[in-house]
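Here is a short briefing for a first look. Please keep the sequence and the structure in view as you read.

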Amino acid sequence: MKKIINFLKESNRWLHLIGGALITFAVAFLSLMILVAFGATIAIPLIAILAVSLIAVALEIKDVQGGGKFDWTDLAVTIIGAILILIPICCCHFKFRYGSF
């Protein structure tokens with residue numbers, strides 16, 4: 001557990017984890033509102049992962065332009081934050097839509 005905490009403290013990775021989760025939650029919420037309003041079927045996980053990935057890459061490019069280096073680990077942690085939010089969202093979606101997993 002201590003190794004995980006130290007890993008997340010390094011290079012503010014905990015911010016990447018939380019940022020990825022918050023962006024995913026916002027995108028998933030907006031996608032669900034569109035789904036309800038227009039009855040369209042959207043690939044919510046795909047849209048959320050795509051949005052988080054693009055934002056994470058943009059932040060890493062900003063780091064490179066500021067004199068830093070592109071950190072693949074930060075990028076991966078951001079996407080992991082998105083996946084951690086998508087798991088319960090997808091589980092709830094399947095449960096309500098199909099009645100079971």
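**Arginine 13 and the overall picture**

Arginine 13 counts as buried, because its relative accessibility is 5%. Buried means under 20% relative accessible area, exposed means over 50%, and partly exposed lies in between (1.4 Å probe, protein chains only). This is a predicted model: local features need pLDDT of at least 70, side-chain atom pairs count only at pLDDT 80 or more, and totals for chains, interfaces and linings use all residues. Residues are numbered from 1 along each chain as its sequence is written, and side-chain values use heavy atoms, with hydrogens and water left out.

**Overall fold**

- The protein has four helices and zero strands. Helices (H or I, at least four residues) and strands (E, at least two) are DSSP runs, numbered from the N terminus.
- Along the sequence the pattern reads α-α-α-α.
- Of the 101 residues, 23% count as buried.
- The accessible surface comes to about 7,000 Å². Carbon and sulfur atoms account for 76% of that surface. Accessible areas come from the Shrake-Rupley method with a 1.4 Å probe; for residues, only the protein chains shown count as cover.
- Among contacts with a separation of 6 or more, 61% are between residues 24 or more positions apart. Contact means heavy atoms within 4.5 Å.

**Salt bridges around arginine 13**

- The count comes to three salt bridges in the protein. A salt bridge is a side-chain nitrogen of Lys or Arg within 4 Å of a carboxyl oxygen of Asp or Glu.
- Aspartate 71 forms one of them with arginine 13, with the closest N and O atoms 3.2 Å apart. This pair links distant parts of the chain, 58 residues apart: aspartate 71 sits in the loop between helix H3 (44-65) and H4, and arginine 13 in helix H2.
- Aspartate 74 also meets arginine 13 in a salt bridge (2.9 Å, N to O). Aspartate 74 lies in helix H4 and arginine 13 in helix H2, so this pair ties together parts 61 residues apart in sequence.
- Arg13, Asp71 and Asp74 are linked in a network of salt bridges.
- Aspartate 71 counts as buried, at 14% relative accessibility. Aspartate 74 is buried too, with a relative accessible area of 3%.
- Beyond its neighbours within four places in sequence, arginine 13 is in contact with Phe7, Leu8, Asp71, Thr73, Asp74 and Val77.

**The salt bridge of aspartate 63**

- Aspartate 63 forms a salt bridge with lysine 62, and the closest N and O atoms are 3.5 Å apart.
- Aspartate 63 is partly exposed, with a relative accessible area of 28%. Lysine 62 is partly exposed at 47%.

**Isoleucine 79**

- Isoleucine 79 lies in helix H4 (residues 72-98). With a relative accessible area of 23%, isoleucine 79 is partly exposed.
- Isoleucine 79 and serine 53 are 26 residues apart in sequence, yet 6.5 Å apart in space, C-alpha to C-alpha.
- Neighbours within four places in sequence aside, isoleucine 79 is in contact with Ile49, Val52 and Ser53.

- Phe25, Phe29, Leu30, Leu32 and Met33 make a nonpolar surface patch of about 490 Å². Patches are made of residues with over 30% relative accessible area and no salt bridge: like charges are joined within 9 Å, nonpolar side chains (Val, Leu, Ile, Met, Phe, Trp, Tyr) within 5 Å.
- Phenylalanine 29 lies in helix H2 (residues 13-38). Phenylalanine 29 counts as partly exposed because its relative accessibility is 44%.
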